[in-house]
Amino acid sequence: MSTTYDYDVLYLGAGHGAFDGAPMLTAQGKKVAMVERDTFGGTCPNWGCNAKIALENAASLRRELKASEGIVEGSGAINWQKNVAHKNDIVKVFPNALQGLMEGANVDVFFGDGRFIDAHTVQAGDKQLTAENIVIATGMHSHRLNIEGAEYLHDSKDFLSNEEAPEKMVVIGAGYIGLESAAMMQAAGTDVTVIMRGDRALAGFPADYVDKLLAALEAQGLTFVKNANTTAVEKTANGYTVKTSAGDFEAGYVLDATGRIPNTEGMGLEEVGIDFDKGGIITNDHLQTSLPNVYATGDVLHKDVPKLTPTATFESQYVADQINGDDKEAIDYPAIGTNVFTTPRLAQAGVSLAEAKANPDKYDVVESDVMADWFRLVDYEKSGQISTIFNKQGQLVGVVELSEHAEDIVNALLPAIEFGYTKKELRRLVTIFPTIGYSALGDLG
Ligand SMILES: Cc1cc2nc3c(=O)[nH]c(=O)nc-3n(C[C@H](O)[C@H](O)[C@H](O)COP(=O)(O)OP(=O)(O)OC[C@H]3O[C@@H](n4cnc5c(N)ncnc54)[C@H](O)[C@@H]3O)c2cc1C
């Protein structure tokens, strides 16, 4: 341990970008501290992935029940208040459990707003801490529309704790947070309208797959209003009127799902010379900022890979290896699985369909109807589509699927995509039958 500084490594933020790497450092004798200004564990466990999936499970169950066409009887109505209580029971343990895990791994935990004083010093609440290396893992916060009546809007953090299922809800924005929230409330019986600024939802997914997903959600009862600019929200006797360039919409709850913004403000970054822009903190290919002893991980990074928990984990562990001296290589991102948790799901990984179609000299695309697989009938699926992408050496390099099980299919194919298996090599994988994992390999033809 350095004799000059209080710590070898200090993390700003206590989300996955921090707590997944920190124990790897203390395991090698490094002295490590973590500074968190809000709830230990950050977005994913408290008001992101874990909270969301705990609520969404009821929506999935209800849709499956409906699709069973009376074989399993009952309305499957969702008690939203109890659903939120169930979610709260699951997530309330995370802050203490994660803090305990860190302290058990000899990481010192401090609470307070972290702010750089110089390249090695951070003001953490009323303490000044020094460290040889600092890792910025401060994540993102919700973008909020700057319109008249903005005070009536809620963000995803509010939404995931809202105990009432309103009769009508307006969701502004059709990214994955907007669509997932809209779909689960629709399943709970709410009449949901999604306002889209353009005519494309889910940037980053293939347009024809997104169109089919939106059509499926529309058939379930969601309404999409495209090319609509939201201009104001007004309070009415019964709720709110959302005013847009495409008309006015009544709602008991309005969710602003217009994006996420990196947490770079008020941290003294300009003063100490750490480069950032509106996309986040700028780093080199070793995740070092413009100050070489300062790294950045997770959502706060400016990067062109999906800002997701497993990405933050990968980066956090990569930076720990860099600081430990176990890895000197530039970061080499693996294939990252991405999923939209609606029903049906839309998931993808590896080379995108757009890239494959634009480069026929490099890739072959195989399009299939997943309903050719009898197993999909067991839980009453009605439609689905998969595209698999192979390079000219016959190795699987990408996949996109729209179906009730798309996330499991993509997870099952990830090792093949990451390690470049050919169809012949994939035949050596003798999976359990009948399962979706078996279907994943069957989908390859
Ligand atoms: C509604 C929602 C659903 C999501 N669903 C999924 C999903 O299904 N799957 C998935 O993979 N990802 C999902 N994500 C994304 C996932 O939550 C993030 O990618 C992940 O949390 C990133 O981890 P992080 O450590 O970079 O940031 P965070 O988890 O946001 O942690 C950053 C921490 O830094 C703290 N902080 C900020 N500034 C300071 C400061 N100056 N000083 C001290 N502390 C500070 C914050 O309080 C926060 O606790 C979802 C996100 C949202 C919002």
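Welcome to the tour: the structure in your viewer holds 16 salt bridges, and it is a predicted model. Side chains of opposite charge can pair when their charged atoms come close.

**Stop 1: salt bridges**

Begin by selecting Arg-144 and Asp-155, which form a salt bridge with their closest N and O atoms 3.5 Å apart. Both residues sit in the loop between strand 7 (140-142) and helix 7 (156-159), eleven residues apart. Colour them by accessibility and you will find Arg-144 partly exposed, at a relative accessible area of 37%, while Asp-155 is buried at 11%.

Next, select Asp-364 and Lys-392. Here the closest N and O atoms of the salt bridge are 2.7 Å apart. Asp-364 belongs to strand 21 (residues 363-369), and Lys-392 to the loop between strand 22 (385-391) and strand 23 (396-403), so this pair links parts of the chain 28 residues apart. Asp-364 is partly exposed, with a relative accessible area of 37%, and Lys-392 counts as partly exposed at 42%.

Now move to Asp-373 and Arg-376, whose salt bridge has its closest N and O atoms 3.3 Å apart. Are these two residues buried or exposed? Both Asp-373 and Arg-376 are buried.

**Stop 2: aromatic pairs**

Turn to the rings: there are eight aromatic pairs in the structure. Select Tyr-7 and Phe-110, whose ring centres are 6.3 Å apart; their planes stand at 80°, so the pair is edge-to-face. Tyr-7 is in strand 1 (residues 7-12) and Phe-110 in strand 3 (residues 107-111), 103 residues apart in the chain. Tyr-7 is buried, with a relative accessible area of 5%, and Phe-110 is buried as well, at 17%.

Then pick Phe-40 and Phe-111, an edge-to-face pair at 6.4 Å centre to centre with 65° between the planes. Phe-40 lies in the loop between strand 2 (32-36) and helix 3 (43-47) and Phe-111 in strand 3, so the pair ties together parts 71 residues apart in sequence. Phe-40 is buried, at 2% relative accessible area, whereas Phe-111 counts as partly exposed at 44%.

**Stop 3: charges over rings**

For another example, select Trp-47 and Lys-157: the charged end of Lys-157 sits over the Trp-47 ring, at 3.8 Å from the centre.

**Stop 4: two buried residues**

Select Lys-303, in the loop between strand 18 (294-296) and helix 11 (309-324). Lys-303 counts as buried, at 17% relative accessibility. Which side chain does Lys-303 meet in a polar contact? That partner is Glu-315, with a contact of 2.8 Å between the two side chains.

Now find Leu-213 in helix 9 (residues 207-220); Leu-213 is buried, with a relative accessible area of 0%. Show Arg-345 too: its C-alpha atom is 8.0 Å from that of Leu-213, though the two are 132 residues apart along the chain.

**Stop 5: a surface patch**

Finish by selecting Trp-374, Leu-377, Val-378, Phe-433 and Tyr-438, which form a nonpolar surface patch with about 540 Å² of accessible area together. Phe-433 lies in the loop between helix 14 (423-426) and helix 15 (436-442) and counts as partly exposed, at 48% relative accessibility. Include Phe-375 to view one aromatic cluster, made of Trp-374, Phe-375, Phe-433 and Tyr-438.

Definitions and conventions: Residues numbered from 1 in each chain as written. Predicted model: local features only at pLDDT ≥ 70, side-chain atom pairs only at ≥ 80, totals over all residues. Heavy atoms only, no water. Patch = residues over 30% accessible without salt bridge, like charges linked within 9 Å, V, L, I, M, F, W, Y side chains within 5 Å. Areas by Shrake-Rupley, 256 points an atom, 1.4 Å probe, with all protein chains shown as cover. Salt bridge = Lys/Arg side-chain N within 4 Å of Asp/Glu carboxyl O. Helix = DSSP H or I, 4+ residues; strand = E, 2+ residues; numbered from the N terminus. Buried < 20%, exposed > 50% of the residue type's maximum accessible area, 1.4 Å probe, protein only. Phe/Tyr/Trp six-rings, centres within 6.5 Å; stacked < 30°, edge-to-face > 60°. Lys NZ or Arg CZ within 6 Å of the ring centre and 35° of its normal. Polar contact = N/O pair within 3.5 Å; in protein donor to acceptor, adjacent residues only side chain to side chain.
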